[in-house]
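Visitor: Could you take me closely through a single part of this model, and then show me how that part sits in the whole?

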Amino acid sequence: MSLQDITARMKAEEARTGRPTDTTKLIAVSKVQPDERVRAVLEEGHRIFGENKVQEAQGKWPAFKEEFEGVELHLLGPLQTNKTKQAMELFDVIHSLDRMKLANKLAALSAELGHCPDLFIQINTGEEEQKAGILPSEADQLIADCRALKLPVIGLMCIPPAEEEPSLHFALLAKIAKRNRLDGLSMGMSGDFETAIAQGATHIRVGSAIFGERDYG
């Protein structure tokens, strides 16, 4: 698999489902990938990347951002409130807003810094205890509260349970987004991104299928 393969499959799925071409953003998930693999994808012209941890991204991306113009960096993993300022200074988009404590911290820092990354609210569609994200039943309230804080919430994100049919979770996310008048849907990974595109994903998150398998060593 390669960047070109993924892009071709994305375009084919958009065409199959009647969506305009290039309406889905591909986030290349570069977590735990060596710099040479990331550089190779940058040199192919790709500019949208995702990381799971603030600390890892801090060690990798400032230099790449300086060297390659137009990089858009997305935080996909859980965000601790004590790392919020570093995240806001480094990332263009945060996909893991899932609680009021974090929302209040983002609002306070956006007033201090004069800017705030675009935000996705993470929904725990499978209601899994070990997974981050607000429960579906509490999503409407959190969205309303974030809007009251004037936070730039552009959509919703989910990671379906590994053993369940992802389309059910993608459909639930799309339903919550629609009733809250949100356009952004961050859903779909290497194994199910075509299903996500068919359900209206605006952002898909693909890592190993672009970079190769991760070595957690």
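Predicted model: local features only at pLDDT ≥ 70, side-chain atom pairs only at ≥ 80, totals over all residues.

Guide: Leaving aside residues up to four places away in sequence, P136 touches I123, N124, T125, E127, L172, I176 and R179, where a contact means heavy atoms within 4.5 Å. Residues are numbered from 1 along each chain as its sequence is written, and side-chain values use heavy atoms, with hydrogens and water left out.

P136 belongs to helix α6, which covers residues 136-148; helices here are DSSP runs of H or I with at least four residues, strands are runs of E with at least two, and both are numbered from the N terminus. With a relative accessible area of 12%, P136 is buried, a term that means under 20% relative accessible area with a 1.4 Å probe, counting protein chains only.

Turning to the whole, the protein chain holds nine helices and eight strands, and 49% of its 217 residues count as buried. Among contacts in the chain with a separation of 6 or more, 59% come from residues 24 or more positions apart. The C-alpha atoms fill a box of roughly 40 × 40 × 35 Å along the principal axes.

Terms used: Buried < 20%, exposed > 50% of the residue type's maximum accessible area, 1.4 Å probe, protein only.
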